[in-house]
Protein chains: 2
Amino acid sequence: MSILVVGTVAFDSIETPSGSAERILGGSASYFAMGASFFAPVRIVGVIGRDFPDEYIDLFRRRGIDLEGLKRESGDTFHWRGRYHEDLNVRDTIELHLNVLSGFVPELPESYRDAEYVFLGNIDPEMQLEVLRQIRCLRLVACDTMDHWINNSLEALRRVLGKIEMLVVNDSEARLLSGESNIVRAARAILKMGPKTVLIKRGEYGVLQFSDSSIFAVPAYPLEEVFDPTGAGDSFAGGLFGHLARSGDPAERGLRRAIVYGSVVASFTVEDFGVERLKALSIEDIEERYRRFVALTDFQT
Amino acid sequence: MSILVVGTVAFDSIETPSGSAERILGGSASYFAMGASFFAPVRIVGVIGRDFPDEYIDLFRRRGIDLEGLKRESGDTFHWRGRYHEDLNVRDTIELHLNVLSGFVPELPESYRDAEYVFLGNIDPEMQLEVLRQIRCLRLVACDTMDHWINNSLEALRRVLGKIEMLVVNDSEARLLSGESNIVRAARAILKMGPKTVLIKRGEYGVLQFSDSSIFAVPAYPLEEVFDPTGAGDSFAGGLFGHLARSGDPAERGLRRAIVYGSVVASFTVEDFGVERLKALSIEDIEERYRRFVALTDFQT
């Protein structure tokens, strides 16, 4: 079963305590698609500019990612420049150029409209709603968002939340959206806004999954070096959706395992700049680290 | 098999966003002993002043805690006053009165000297060494410490580390002691200082356990309200040691389960001021939450 993602395809310029990189492939849809591509076919809806290099297009193609929905427009590609602190949980946005993303209206190719697994990456909630309007049959829709949309487009975001099954956010976004500082109460408040499942990403501390009937908590895979945290959350969602689509098991057990696969993919992502580590990865590497993850967390056997 | 703990028995005066309490029972040995007492006999080595009320003595006795090693001296009991921020991970010490603790030299009753499970609570490393000198046969010795001793008594602390099996610290203490900001590298560096096992407490984010051959990661039990975080770490260590002594299983599997039991005890501790919640607790409550912990973390079955 194939997966559709709408989100940004971008240039990222990044400084971390370990080094820096200029205009490398970034954006929520890029990370998500790369992460999901190990498990199932992925289709991207997004926009790039005339400056977007063939090299990155080829990279997507080599990973079997469908680019029919990736529109190229005159103008420059969305560009984000950020700097991470010594504490990698904190980053500053230095520059943000929307470029072709400004005014973009997603338009799904006919072949995309039967998508069953849909991930609405972190973009304007109005764009997320537009994608939902164009899709015929849905099995699982999840969305991500950020403080900017919570603060400035709450009404549209609340409409998105009424239409999706799963929200994927980090802990500060969950607190901001709910107005609750305790993370359990924050998740319970968000569940009342519509989604059946709330996933809370806590970076190096792992993930919490909430539904009306259960909570699942899983630590992150401990790493001796985190090189570049960019894209961890989006590739986590990609790995999660990838495993869900591959297994076809949307029940609690399938979802929990998918969260672990997402965590595994994210743990690879942060080991190098941008998508470098994902480029060199195989599904065998992922399965091997999944087994290590089992050994890392098991206390029953 | 019985457990020996050396540490503080104190008055705590606490302000949290949820309320405040004056001169309630506190101290590392108190929390540890209360936490361990559900699983195995506990003996306390420590000192109190003439102002220490019978009510607290009775409380220890009701929990079957052996107080032969708890010395009463003329003068006042150790008193700590602290205030927690809205972010409960941050607290300020407002007052600290060592009182009878100043100049205290631990002296173990003859009946304590065959102790097999020994926990050196967070006190002066010289006192920790003195306790080790007085013990005949050891099975498992663990210790806790804090930034004050790392900064001011490093030489003595390093001697302690050379004699113990397990160090139990929080993440900032591990970073300070090792000089490494990455927590995995910090733990590896500490393992080289002597202990076979390093446990890193991360508050609401759970615990990491490192040895030469493995890593175990477990989240904390998610709570809708954290009332007072005081004593979470010490009662965690108490529950951990309690289960180890009860099960007699010091192998990796036993240790992992003990860490989960410790996490369960700590999750109860923070639900009310001081030891209030532990006073009202039964081993059945602990076993019930342990089962919930399994359900919280399991993704394999």
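Guide: First, a handy term: two residues are in contact if their C-beta atoms, placed from the backbone, lie within 7 Å. With that in mind, 100% of the interface residues of chain A turn up as interface residues in chain B too, so the copies meet through the same surface. By the way, this is a predicted model, where local features need pLDDT of at least 70 and side-chain atom pairs count only at pLDDT 80 or more, while totals for chains, interfaces and linings use all residues. Residues are numbered from 1 along each chain as its sequence is written, and chains are lettered from A and ligands numbered from 1 in the order they are written.

Now zoom in on chain A, which has eleven helices and 13 strands (DSSP runs numbered from the N terminus: H or I of at least four residues for helices, E of at least two for strands). Its C-alpha atoms fill a box of roughly 55 × 40 × 35 Å along the principal axes. Of the chain A contacts between residues at least 6 apart in sequence, 65% link residues at least 24 apart.

Here's the sheet: an open one of nine strands in chain A, with mixed pairing, running E5-E4-E1-E8-E9-E10-E11-E12-E13 (strands pair if DSSP finds at least two bridges between them). Strand E5 (70-72) and strand E13 (215-218) of chain A sit at the edges with a single partner strand each, so one side of each has no neighbour in the sheet. On average, neighbouring strands of this sheet are turned by 15 degrees against each other, direction ignored (axes are lines fitted to C-alpha atoms, for helices over the stretch in contact, and angles run from 0 to 180 degrees between N-to-C directions).

Strand E4 (residues 42-48) of chain A runs parallel to E5(A), and three bridges join them. Gly46(A) stands opposite Leu70(A) there. Packed on the sheet is helix H8 (residues 232-247) of chain A, which touches several strands, including E1 (3-6), E8 (117-120) and E9 (140-144) of chain A. H8(A) makes an angle of about 170 degrees with the direction of E8(A).

For another kind of pairing, hop over to chain B. Strand E6 (residues 79-84) of chain B and E7(B) run antiparallel, joined by six bridges, and they form a hairpin with six residues between them. In that pair, Trp80(B) stands opposite Leu96(B).
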